[in-house]
Amino acid sequence: MIKHLWTSIRMLVLLGILTVVVYAAVVTGISQLLFPYQANGSLVHYHGRVIGSKLIGQSFTSPKFFDGRPSAAGYNAAASTASNYGPTNPALIKEVQANMAYILKTNPGVKPSQVPVDLVESSDSGLDPDISVAAAYFQAPRVARLNGLPLSSVRHLVATHTVGRFLGMYGNSYVNVLEINLALLHLIHHRS
Amino acid sequence: MTVPGVLGILVFTAFLVVMAKPMGLYLYAVYDRRKTWFDPAIRPVERVIYRWTGVNEDHEMRWTEYFIALLAFNLVGFIVLYIALRIQGALPFNPMHMKDVGPHLAFNTGVSFTTNTNWQAYGGESTMSYASQAMLMMQQFLSPISGLAMVLAFIRGLTRKNANTLGNFWVDLVRTLLWVSLPMAFIGAIVLVGLGNPQNWGTYVTAHTLQGGIQTIAQGPVGMMNSIMQLGDNGGGFFNMNAGHPYETATAASLMFQMVLGFSIPVGLTYYFGKVVKDTRQGWTILGAMLVMFLGGTLVLYHAEALGNPILNHLVGIHGPNMEGKEVRFGPALSSLFESSTTAVSWGSTAAANDSLMPIGGLITLWQMMSGEVIIGAWGVGLLGMLAFAVLAVFLAGLMVGRTPEYLGKKIGSYEVKMAVLAMIVPTFVILGFSAWAVTSHGGLAGIYNPGPHGLSEVLYAYSSGVGNNGSAFGGLDAAAPFYTWTVGLAMLFGRFAMYIPALAIAGSLVQKQSVPESAGTFPTHGFLFGGLLIATVVIVGALVFFPALSLGPLAEHFALWSGHLFGGGGA
């Protein structure tokens, strides 16, 4: 046992250098060289300032913007979390009811059955940067009206920001909320 | 369920079959010391490591020595990791000034990462410095190899005749790391960074959001850890929400790539097994039995998630799948495939909140862990568990026809059967025993998050995950409470070593036996008949014992849900 402990210690030091020091350094170097944008967090700049990451959802509360998904983390990107509500937990029902009430208030005239599920149920990471394509089209009339844009141009915006499934089979089609809102701002500025 | 969703699951399962042979052949070349492309670069490094550590690579170990070497290596690894976490505040690479990790959490995390469990009672981005993440990553390289070494030794026990020894643990460790883990993890890391993983060592980024708010965005060396985390079936994510976090998995393509990494070694091992025993049908039969169970579980899980929550439909009026705790870019089908895989292959990272799965979805994830993590399973241990079930299956078949059972030419005696049963009984006792303790004690009850039967599911899940060295969780449970850090920590140790010792004992006994030639009375251990028998053994011997507990947890919740009943405050 003593002999093997001594071997273990020497093994751990050597293999530790290989895995922690050499591997980490080489991966970091090559990543920064080949993919600097991704390796530094896919950050988005606007008027010279970092306004967020393309991959990290942020809070949109103004009805002039497209809403993102309900977030149990409150879009705190330094503490990701899900609601972890089980399907028979009354707290889940309450939360979804509250989200639904907000959606019905900001989108007058719609029925609950028309609301896409992802707009009232919380994401896993609390930082979901996307909404479903249905959720984007659902919000288009409101966004168009509040910004004084023709509905067709907002719908066109959704169409051009739709990302399809991987290999046609995997995942959902989606719209990135930060990107479509940036494009929306662009559209507004170029109109006026 | 949608057509693309089901098609995607079927295509992926077929891809696993295609992947088995090339992966298996590569593993065969590595362990049979045949030529590989990497030899000119790696062989010199290997020699240097043996010289500096004083290992004689021609030395052969009996099963007891093999186990002691493995135990010593795991022990030293645990101590080093524990100390590193306790003093993290004084170590470099800590730009966000994370404080030292407390003793309960450091014990739990140390055990978790050295047993290949990667149960996380902490949120990575709010607890760990970059140095600590790198130390955790070291065990993500090393701990899966311990599991793999076990099955290498076991297979040698089956194939060697009239021998005493099962190989050399140090050689198995070093060759796996140099030929398999490091090159594959390196390629994986670069691909994952290309698909969106950050890989830097800077402070968290402060963003001024479009609406005028401030958002602190945690990042760091994610890609390097994410790669070996998935490849090694570890599952300990950089971030709290793990594979669901967009920095760990930005797209469906990235998630698919991570799944391929996670499946590659366990699937390849089944072909490797057939190759070593000189009958590839043996390996295909085992893989077939695994995939039948995996596919069945995945489709049931997907079906449950696609139906959605009937109470929400009734009370709020929404239509559609269950999206609570799911990411839009994955959707119900891919989330279901990933959650089924994470419990089947035992990597344990999650891309959806398992606590918010529908009851039947949660049931499937629980059952795949309670089966003993043999439905594919992590590096080595999945195949090892399945081979223990195979020993039991030939014993049961032998009872039926009244012949002495034999497996691959080795006579199975009472010693082997006793050991195989031991390897299954201990985890069962630990899961049910600890769960019973948790739901009858103050410390256990205080940590439960969801009311009603779902709370019991949370507890059952925690110990099944611990014993199965899985690491995923029903995330609502307060895993950081001392009661759970210690009991789940012990469950992880029992699950790991209560499996290793009997399995190696079987190998140590079989290796001494003469091989008996196949005769007309030999029960063939390949083909559909044996595959069916194997599945039946897993279901009846392995999992039926949990049926009463599952009835009180997910099944009770399922029936309550569909009759419109809520818990902890009223009905619908």
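Author: What follows is a set of questions about the terms used for this predicted model, each answered from its values.

Reader: Why are H12 and H13 of chain B called roughly parallel?

Author: The axes of helix H12 (residues 331-344) and helix H13 (residues 359-370) of chain B cross at roughly 20° and come within 8 Å. Angles under 35 degrees count as roughly parallel, and H12(B) and H13(B) are therefore given that description. Their crossing is right-handed.

Reader: What makes the contact between H12(B) and H13(B), and how many of its residues are nonpolar, polar or charged?

Author: On the side of H12(B) the contact is made by B:Glu339, B:Ser340, B:Thr343 and B:Ala344, and on the side of H13(B) by B:Ile364, B:Thr365, B:Gln368 and B:Met369. Sorted by class, this contact has three nonpolar, four polar and one charged residues.

Reader: How do you know that strands S4 and S5 of chain A pair?

Author: Two strands pair if at least two bridges are found between them, and S4(A) and strand S5 (residues 174-176) of chain A are joined over two bridges, in the antiparallel sense. Within this part of the model, A:Val163 stands opposite A:Tyr174 of S5(A).

Reader: What makes S3 and S4 of chain A edge strands?

Author: The open sheet has three strands in the order S3-S5-S4 (chain A), with antiparallel pairing. Strand S3 (130-132) and strand S4 (162-163) of chain A each pair on one side only, and are the edge strands. Helix H6 (residues 177-191) of chain A lies across S3 and S5 of chain A, and runs at about 60° to S5(A).

Reader: How do you know that S1 and S2 of chain A pair, and in which sense do they run?

Author: Strand S1 (residues 43-46) and strand S2 (residues 49-53) of chain A are joined by four bridges and run antiparallel, where at least two bridges are needed for a pair. A:Val44 stands opposite A:Gly52 in S2(A). The hairpin of S1(A) and S2(A) has two residues between the strands, and A:His47 takes a positive phi near 50° there.

Reader: What makes up the side of chain B that touches chain A?

Author: In chain B, 108 residues are in contact with 91 residues of chain A. Helix H7 (residues 169-194) of chain B gives the largest share of that side of chain B, eight residues. By class, the side of chain B that touches chain A has 62 nonpolar, 39 polar and seven charged residues.

Note on methods:
Residues are numbered from 1 along each chain as its sequence is written. Chains are lettered from A and ligands numbered from 1 in the order in which they are written. This is a predicted model: local features need pLDDT of at least 70, side-chain atom pairs count only at pLDDT 80 or more; totals for chains, interfaces and linings use all residues. Two residues are in contact if their C-beta atoms, placed from the backbone, lie within 7 Å. Axes are lines fitted to C-alpha atoms, for helices over the stretch in contact, and angles run from 0 to 180 degrees between N-to-C directions. Ala, Val, Leu, Ile, Met, Phe, Trp, Tyr, Cys and Pro count as nonpolar, Asp, Glu, Lys and Arg as charged, and the others, Gly among them, as polar. Angles under 35 degrees count as roughly parallel, over 145 as roughly antiparallel, 65 to 115 as roughly perpendicular and the rest as oblique. A crossing is left-handed if the near helix is turned anticlockwise from the far one by less than a right angle, and right-handed if clockwise.
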